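Here is a short briefing on one protein chain. Look over the sequence and the structure before reading on.

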Amino acid sequence: MDTPTVKPARVVIVGAGIAGPTLALLLKQKGYFPVVVEKVRDMGNVGIALSIHPNGMKVLNRAGLALDVVNGPPSSPPTLAWDDYTNTGEFLGGPASSLLAGFIDRYGWPVIGVTRTRLQTLLIDKCRQSGIPVHTGWRLASWDEVGDGIVARAEDGRELHADFIVGTDGLRSRTREILLQKRGVEVQEPMFTGIVVRGGQTPTPAAFDTPAIRIYYGATTTVISHTLEDGMSVWGLNYFEKTPVKESWSTVLAEDLQKEIDLTLEKLEGWAKPVREMVSKTTKMMSIGLYDRPELPVEQWYYGRGIVVGDAAHPTTPHVGQGANQGLVDAWHLSQLLPSCDEQSAKSLDRAELETIFHNLAAVRQGPTAMIVERSREQGKLRVVTDKSPGAKERRDDLIRSFWRDQDTFNQIHDMLYNEPFEDKEGFAKMMRQRQE
Ligand SMILES: Cc1cc2nc3c(=O)[nH]c(=O)nc-3n(C[C@H](O)[C@H](O)[C@H](O)COP(=O)(O)OP(=O)(O)OC[C@H]3O[C@@H](n4cnc5c(N)ncnc54)[C@H](O)[C@@H]3O)c2cc1C
């Protein structure tokens with residue numbers, strides 16, 4: 001039976017973060033004409049880093065980017081271990097050191113640490129090389145359905161016409177706001193979780209001989225580090241703050257860097273040597289408040305010819321490292337649910353058909369993403385302990401030790417995440433073989 005196709009359709013994708021350009025690349029492969037719009041004019045040097053997990057790596061590979069991410073230059077080695085310690089360096093993890101190395105066998109792909117700027121640049125460059133326009137300095141003000149399509153309007157009055165619109169515009173998504181207004185749903189502000197991450201990029205300490213995720217648990221705060229490209233690591237201090245702190249990706253100005261390093265070191269008095277070394281050698285730094293939102297019911301992910309995915313639909317805190325990865329999984333599923341385009345096809349994508357596809361996407365993705373947002377919030381409470389009662393730290397440390405002893409639960413959680421969005425057990429090995437040929 002022939003797979004039904006439609007005439008080549010145009011799509012406006014709002015936001016050139018992680019999910020947006022990836023979706024554009026996947027849809028281009030299916031014959032669509034995507035256009036990506038991004039409010040920031042110069043994407044420059046934003047944010048610090050991301051851990052891309054096996055689920056996200058599989059999608060990046062299908063979008064044609066995994067080799068560039070892994071192989072560089074600069075190259076990002078597979079992350080082989082995940083070790084938990086107390087702040088003074090006592091090992092809390094059980095069989096931790098072998099866990100991440102096993103991901104390549106179990107899921108076909110490793111965890112990779114990558115600087116955010118590099119991933120975003122790779123994605124945008126790949127879009128442009130593939131003939132996908134990326135308009136930066138184009139901030140979505142409104143969108144409406146007109147005739148058999150949509151019109152998206154920028155704040156400066158520019159307009160784009162397309163068959164449908166996908167909002168990948170993150171935590172404070174304007175696409176989502178408009179969509180909910182069209183549905184008559186009250187628009188809520190994101191919720192500050194009370195946790196702030198002060199983090200930086202730094203040369204990897206000599207003591208860190210294996211590319212790894214390392215977490216150091218203090219009495220009330222936590223430092224997480226992850227190996228990145230070419231001898232660099234990222235560290236992040238998670239701490240409590242009563243007053244909401246902005247979720248800005250801007251980095252500290254060069255002239256303020258030393259002052260910020262010193263302030264951070266004051267908070268880390270007595271912590272393990274590699275932690276203090278990472279902070280003291282920081283080359284780039286930022287602070288960001290962590291926000292999420294209550295889950296969006298399935299029907300509110302879309303309206304007519306518009307849908308939101310990624311953080312625009314389900315923003316999450318980063319404690320389980322899944323925000324960007326889930327955006328990539330959304331992009332994959334949406335690209336698979338949409339029909340292929342064919343010049344010979346006489347059929348256009350109609351509104352009812354789009355709404356059915358959007359509903360199906362939301363129905364598949366709402367449950368897992370809502371669970372991850374919740375799980376991440378819970379994980380945050382282990383990292384930033386606000387309980388001041390005696391023994392709170394020890395109880396938390398015991399809980400972490402017990403997690404590590406329960407290998408079955410670990411495997412179950414990871415199977416659920418990393419068998420998504422499709423199986424690709426040979427993927428990484430195949431990619432590396434092709435690179436050598
Ligand atoms: C400290 C920290 C660490 C994190 N670490 C990880 C990690 O290790 N792994 C992981 O998977 N996730 C991590 N996350 C989460 C991850 O950053 C997000 O989930 C991910 O960036 C979401 O991708 P997205 O494409 O949906 O949105 P975003 O990456 O937020 O991109 C949205 C884009 O839309 C643009 N935009 C917004 N409004 C408009 C508008 N009106 N018009 C046009 N453009 C607009 C924005 O400028 C932005 O470029 C972390 C988050 C934080 C805060």
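This is a predicted model: local features need pLDDT of at least 70, side-chain atom pairs count only at pLDDT 80 or more; totals for chains, interfaces and linings use all residues.

The chain has 437 residues. Its secondary structure comes to 14 helices and 20 strands.

**Overall shape**
- The radius of gyration of the chain is 22 Å, which agrees with the value near 22 Å for a compact globule of 437 residues.
- The C-alpha trace spans about 70 × 50 × 40 Å along the principal axes of the chain.

**Burial and contacts**
- Of the 437 residues, 46% count as buried.
- Take the contacts in the chain with a separation of 6 or more: 77% of them are between residues 24 or more positions apart.

**The open sheet**
- The sheet holds 6 strands, and their order is β8-β3-β2-β12-β19-β18.
- The pairing in this sheet is mixed.
- Strands β8 (134-136) and β18 (302-303) are at the edges. Each has a single partner strand, so one side of each is left without a neighbour in the sheet.

- Strand β18 runs antiparallel to β19 (residues 306-308), and 2 bridges join them.
- Y303 has G306 of β19 as its bridge partner.

**The helix on the sheet**
- Helix α7 (residues 174-183) packs on this sheet.
- The strands that α7 touches are β2 (10-14), β12 (164-167), β18 and β19.
- The direction of α7 makes about 125 degrees with that of β19.

Terms used. Residues are numbered from 1 along each chain as its sequence is written. Two strands pair if DSSP finds at least two bridges between them. Helices (H or I, at least four residues) and strands (E, at least two) are DSSP runs, numbered from the N terminus. Two residues are in contact if their C-beta atoms, placed from the backbone, lie within 7 Å. Axes are lines fitted to C-alpha atoms, for helices over the stretch in contact, and angles run from 0 to 180 degrees between N-to-C directions. The radius of gyration is taken over C-alpha atoms; the globule rule is 2.2 Å times the number of residues to the power 0.38. A residue is buried if 20 or more other C-beta atoms lie within 10 Å of its own, exposed if 12 or fewer, and partly exposed in between; C-beta atoms are placed from the backbone.
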